[in-house]
Amino acid sequence: MKKQRVSTLRQITRMITSGSMGSLADSDLRFRNFVRSNTFEVLSALLVVLNACVLAVQIQYIGTQTGSDLGFRGYPAEVSETWHFVGSTLDALDHVFLTLFVIELLIRFYGYRR
């Protein structure tokens with residue numbers, strides 16, 4: 001019985017390394033290598049930097065809106081007159097970045113699994 005199990009394991013190993021199941025193993029290995037590569041880290045860092053830029057614009061928008069609401073000089077009477085569609089665009093970008101960060105996290109979980 002033990003010899004049959006060892007023989008079966010050897011056959012499965014040969015199938016994986018010979019190519020009949022090798023393409024799946026190769027693509028999985030390539031995916032893992034990509035997730036662990038500097039390229040993926042740079043793409044993730046670029047995503048963080050872009051999100052930081054969007055957050056900076058969002059803070060500026062909120063500050064301008066607050067200045068307008070308080071009636072400070074130099075601020076427009078209505079922010080929506082000078083910042084057309086910015087509020088809804090920033091909200092949409094928040095959702096986009098949230099989705100991208102969740103996808104990145106899932107990719108990392110899959111790439112670093114054992």
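In which helix is Asn-51 found? Asn-51 is found in helix H3. Helices here are DSSP runs of H or I of at least four residues, strands are E runs of at least two, and both are numbered from the N terminus. The structure is a predicted model, in which local features need pLDDT of at least 70 and side-chain atom pairs count only at pLDDT 80 or more, while totals for chains, interfaces and linings use all residues. Residues are numbered from 1 along each chain as its sequence is written, and side-chain values use heavy atoms, with hydrogens and water left out.

The protein has 5 helices and 0 strands. Along the sequence, the pattern reads α-α-α-α-α. Of its 114 residues, 18% count as buried. Buried means under 20% relative accessible area, exposed means over 50%, and partly exposed lies in between (1.4 Å probe, protein chains only). The accessible surface comes to about 9,000 Å². Carbon and sulfur atoms hold 65% of that surface. Accessible areas come from the Shrake-Rupley method with a 1.4 Å probe, and for residues only the protein chains shown count as cover. Contact means heavy atoms within 4.5 Å. Among contacts between residues at least 6 apart in sequence, 64% join residues at least 24 apart.

Helix H3 covers residues 38-70 and helix H5 covers residues 86-111. H3 has 33 residues. From its first C-alpha to its last, H3 reaches 47 Å, close to the 48 Å expected at 1.5 Å a residue. The expected span of a helix is 1.5 Å times one less than its number of residues. H3 is followed by Gly-71, whose phi is positive, near 80°.

The buried residues of H3 include Phe-40, Ser-44, Leu-47, Asn-51, Val-54, Gln-58 and Tyr-61. An α-helix has 3.6 residues a turn, so residues three or four places apart point the same way. In H5, the buried residues are Val-86, Leu-90, Phe-97, Glu-104, Arg-108 and Gly-111.

The largest nonpolar core has 7 residues: Leu-47, Val-54, Tyr-61, Val-79, Val-86, Leu-90 and Phe-97. H3 and H5 are the elements that give two or more residues to this core. A nonpolar core is a set of buried Ala, Val, Leu, Ile, Met, Phe, Trp, Tyr and Cys residues joined through side-chain atoms within 4.5 Å.

Asn-51 touches Phe-97 and Phe-101. Asn-51 counts as buried because its relative accessible area is 15%. Gln-58 is placed in helix H3. Its relative accessibility is 15%, so Gln-58 also counts as buried. Gln-58 is in contact with Leu-90, Asp-91 and Asp-94. The C-alpha atoms of Gln-58 and Asp-91 lie 9.0 Å apart, although 33 residues separate the two in sequence.

Is Val-57 buried or partly exposed? Val-57 counts as partly exposed because its relative accessibility is 39%. Val-57 is found in H3. Its contacts are Trp-83 and Leu-90. Val-57 and Val-86 are 29 residues apart in sequence and 9.2 Å apart in space, C-alpha to C-alpha.

Helix H4 spans residues 79-82 and contains Ser-80. Ser-80 counts as partly exposed because its relative accessibility is 44%. Its C-alpha is 9.9 Å from that of Tyr-61, which is 19 residues away along the chain.

Aromatic rings were also considered. The count comes to 3 aromatic pairs. Rings of Phe, Tyr and Trp (its six-membered ring) pair if their centres lie within 6.5 Å; planes under 30 degrees apart count as stacked, over 60 as edge-to-face and the rest as tilted. Arg-113 lies over the face of Tyr-110, at 3.9 Å from the ring centre. A charge sits over a ring if NZ of Lys or CZ of Arg is within 6 Å of the ring centre and within 35 degrees of the ring normal.
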